[in-house]
Amino acid sequence: MTTPLPPFPPKGGFIGAVNESSRALRQRAGIEINHKKIKLLLTSGYFTSTYARLRESHGMAMPLKFPSLLAELNLLSILSLLNFGSGYRVPLHVATGRGAFDNIRALVLGLYISSSTGTGEGNYLSATGMRDIKEHTIADLMGVTDALHVEHAHESVPAVTVGELGGPIWELVKLLTQALNETGTVLVNSGYPDLGSFVLEALNEGDKLKNSAESVNHECDVILERFVRAIPAFRDMAVVNGQPVYCFKKALLAIHAIALRFGSAESLSEIPIPRTSELPVFVDNVIPSILVHLGIINLEDSTPSLGLRDLFPRGQDDSTIRALLSEVPAAPPADTRTTKDQEVPKEGPVLTSVQAFALRAAAIDASQAIIATARDLNANEESYILKQITLPELDAWLWSAAKDRPDWRNLERFVLRDTVYF
């Protein structure tokens, strides 16, 4: 069931609304944060030995040579727009041998390679190309055309099997096409040649406030508001049991990915670089699930009507959590199996939209608590890592750690389908 959309946050209050609404929903849902488990994480061998390596591994960089910075910004913006499909991880593994994000990266790479150098319908990266692209093109570029049909017995001839379009992969292809068509329509109607041009205008608008007396987040708030108000696929918000909640995962990650990619050459770049160190985490299904497995998010006393208590396996006691947090080699040996040979991951608990928003809100608030605890610990331990930790880097560490070693990869992530938010 689709959750209703709340009003937009007030002007200048988009980032604040993410933090405040998440805390309010977590508390209303009876979801607790375990501060002892936070300390266990921050002082663990795994965290301290891998934080520097994994803290910027969002995986958004593309191995391509671009004709201009604007062309690269456009592709990075489209990758951010299409960065969803986590609920289709298992069927995608079956169909392609790759997870959700790797499939989206492959799709965006295909869009780039297949697009002409001009504009119009031959260029899928232009506004008109995005508006007009069809499902069959998306399926071809993803390499999933053989997984788009479901079979069933003929209505009047039981011995005959009939195939028709359907199934989870077809559902994802339709969502991807819808996100591109919808965004392309907005861009064309507003006079933008491509998504990158719209994003650059928003960055410039935010950059005007960089030297103001406002907080670091003020410039990002302006950019975030432009993204969310204009592009439906960025409106990651809902009303949950009468409580508005705002997550804005893809829009926030887009801003941070731009800062990471272009920030190292700021003096030479025509792309304004927003300061993103205080952005909320970019919450999907991975981070809440990992925080539940680590005991940081405690669902035992959550509101019964939400049905969250028994979603994940019980028994994550201190010894189990300590095993997950034990130190591992800095560079684990590469998996020599081919992509197709790798084991299909186990499907996690399937959630409703309401349950997913509640868990994601809890993860946003728990991440704030992790940062606060790190600063308290640093006052006594003078740890360089604890002193420098930021929310975007914590996000990157949690997301990357979930794929960094076999025992973490085997941890169940919750599943929500039919969403373009994550």
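## Serine 289 and helix 13

Serine 289 lies in helix 13 of this predicted model. Helices (H or I, at least four residues) and strands (E, at least two) are DSSP runs, numbered from the N terminus. Serine 289 has a relative accessible area of 0% and is therefore buried; buried means under 20% relative accessible area, exposed over 50%, and partly exposed in between (1.4 Å probe, protein chains only). With neighbours within four places in sequence left aside, serine 289 is in contact (heavy atoms within 4.5 Å) with Phe312, Glu412, Arg413 and Phe414.

Helix 13 spans residues 286-293 and is mostly covered, with eight of its eight residues buried. Among them are Val286, Pro288, Ile290 and His293. Just after helix 13, glycine 295 adopts a positive phi of about 80 degrees.

## Basis of the values

Residues are numbered from 1 along each chain as its sequence is written. Local features need pLDDT of at least 70 and side-chain atom pairs count only at pLDDT 80 or more, while totals for chains, interfaces and linings use all residues; side-chain values use heavy atoms, with hydrogens and water left out.

## The chain as a whole

The protein chain contains 18 helices and six strands. Of its 422 residues, 55% are buried. Among contacts between residues at least 6 apart in sequence, 77% join residues at least 24 apart.

The protein chain exposes about 18,300 Å², of which carbon and sulfur atoms supply 51%. Accessible areas come from the Shrake-Rupley method with a 1.4 Å probe; for residues, only the protein chains shown count as cover.

## Nonpolar core

A nonpolar core is a set of buried Ala, Val, Leu, Ile, Met, Phe, Trp, Tyr and Cys residues joined through side-chain atoms within 4.5 Å. The largest one here has 139 residues, and Leu82, Phe227, Trp397 and Trp408 have the most contacts inside it. Helix 15 (residues 353-381) supplies the largest share of this core, 15 residues.

Tryptophan 408, leaving aside its neighbours within four places in sequence, is in contact with Tyr46, Ile290, Leu294, Leu324, Leu325, Trp397, Ala401 and Ala402. One of these residues, Ile290, is also among the buried residues of helix 13.

## Aromatic rings and charges

Rings of Phe, Tyr and Trp (its six-membered ring) pair if their centres lie within 6.5 Å; planes under 30 degrees apart count as stacked, over 60 as edge-to-face and the rest as tilted. The count by this rule is 15 aromatic pairs. Tyrosine 192 and phenylalanine 198 have ring centres 5.4 Å apart and planes at 85 degrees, so this pair is edge-to-face. Both residues of this pair are buried. Phenylalanine 227 and phenylalanine 234 form a stacked pair, at 5.7 Å centre to centre with 25 degrees between the planes, and both are likewise buried. One aromatic cluster is formed by Tyr46, Phe47, Tyr51, Trp397 and Trp408.

A charge sits over a ring if NZ of Lys or CZ of Arg is within 6 Å of the ring centre and within 35 degrees of the ring normal. The charged end of arginine 261 sits over the ring of phenylalanine 262, 5.3 Å from its centre. Arginine 360 places its charged end over the ring of phenylalanine 357, 5.4 Å from the ring centre.

## A strand hairpin

Strand 4 (residues 237-240) and strand 5 (residues 243-246) run antiparallel and are joined by four bridges; two strands pair if DSSP finds at least two bridges between them. Valine 240 has glutamine 243 of strand 5 as its bridge partner. The two strands form a hairpin with two residues between them, and asparagine 241 in the turn has a positive phi of about 50 degrees.
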